[in-house]
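Here's a quick briefing to read with the model open. Take a look at the fold first, then go through the notes below.

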Amino acid sequence: MQETFTQLIEQCKDALKAVRDRAALEAVEIKFLGRKGELASLMKQLATLSDEEKKIAGKVANETKEKIEQMIAKAKEKIAREEEKTRADREWVDVTAPGVFPNEGHLHPISQAIQEITDVFAQIGFVSVRAPEIDWDWYVFESLNMPPDHPARDDWETFFIAETKGQKARGEKGRLVLTPHTSNAQVREMEKGKLPIRMININRTYRRQSDPSHTPMFHQFEGLVIDEGITIAHLKGVLDYFAKSFFGPDRQIRLRPHHFRFTEPSFEVDISCGACGGKGACRICKAGWLELGGAGMVHPNVLKAGGLDPEKVSGFAFGWGVERTLVMKEGTKIDDIRILYKNDLRFIKQF
Ligand SMILES: [Zn+2]
């Protein structure tokens, strides 16, 4: 009898060795300790023994039961520990591991340049205004000292708005055009009737052109300052400030006499070449200088068109392309200006 109990303990031990989870352990527990289990059926057999034998066998049976209970309790603890460990492993987070960054976009290089130009002029009190992109002939040409049959108007190669049924493209201020420059802001600003004027107008402009250095749609920025006693010295100071702020502190500007209809005197503004430091011997510049754009003192006829008295007030204006200015800053990164509008991410991501 005793031997049978010892065997039962050994069987239980073997069964427990194979146990890996709670369910398997429960099955072993039922098999050995359950009401219809192995131990219970052995106990039943005790009934057939004599009183003397019962005493001894009963003792062994109890010891066996205790032993099996202990073994199962131990196995339970072991499984609980393992479960705890797996849970901790699963939930463990390495806070020092590098994160996964989402793919971040940024403003288009042209938008960045517009923002930067606006900020540079805001520093010296230029207010950002926005003149219409489609405007009357009067604001685009005539008020700027370019009468209807003047040959200067041919230079612009303007897009005119077509008349359609029920939509007039002609009024008392002439025909409607897609603005070929941002100078339409000049007289519009004067008409507001407030001095001093210190404005910057950055806008889309349109011309019939498309080649490596021109696109049919591009951006210009226009500066205008009008007050009593404004001189060329102010113009030069503002342009010098812009060149140093936008391109770098070592850049110089120079004014070359030129002719525009809406300014008198007029200038072409050059900036010293950044590639050769203004020394000359270089592929990009002409003898150390790069052409930035036009500027000048506002023509008396333009002041008059804006309702101002040229005897009392004076002012200066300047304006040139945002794309061109950006190309001059970025240099060889942009060798064909049309790439700015091709939405090629390989290009755009460089900025
Ligand atoms: Zn150069």
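**Domains and sheet at a glance**

The protein chain splits into domain 1 (2-79) and domain 2 (109-130 + 199-348), with bounds from an automatic or database domain assignment. This is a predicted model: local features need pLDDT of at least 70, side-chain atom pairs count only at pLDDT 80 or more, and totals for chains, interfaces and linings use all residues. Residues are numbered from 1 along each chain as its sequence is written.

**Domain spacing**
- The C-alpha centres of domain 1 and domain 2 are 97 Å apart.

**The sheet**
- Seven strands make an open, mixed sheet, ordered β1-β6-β7-β11-β10-β9-β8; strands are DSSP runs (E, at least two residues), as helices are (H or I, at least four), numbered from the N terminus.
- β1 (127-129) and β8 (253-260) sit at the edges with a single partner strand each, so one side of each has no neighbour in the sheet; pairing takes at least two DSSP bridges between two strands.
- β9 (residues 263-272) and β10 (residues 289-298) run antiparallel, joined by eight bridges.
- Ser 272 has Trp 289 in β10 as its bridge partner.

**Around helix α10**
- In α10 (residues 322-330), the buried residues include Val 322, Glu 323 and Leu 326; buried means 20 or more other C-beta atoms within 10 Å of a residue's own, with C-beta atoms placed from the backbone.
- Gly 331 follows α10 and has a positive phi, near 65°.

Note on methods:
Buried ≥ 20, exposed ≤ 12 C-beta atoms within 10 Å, placed from the backbone.
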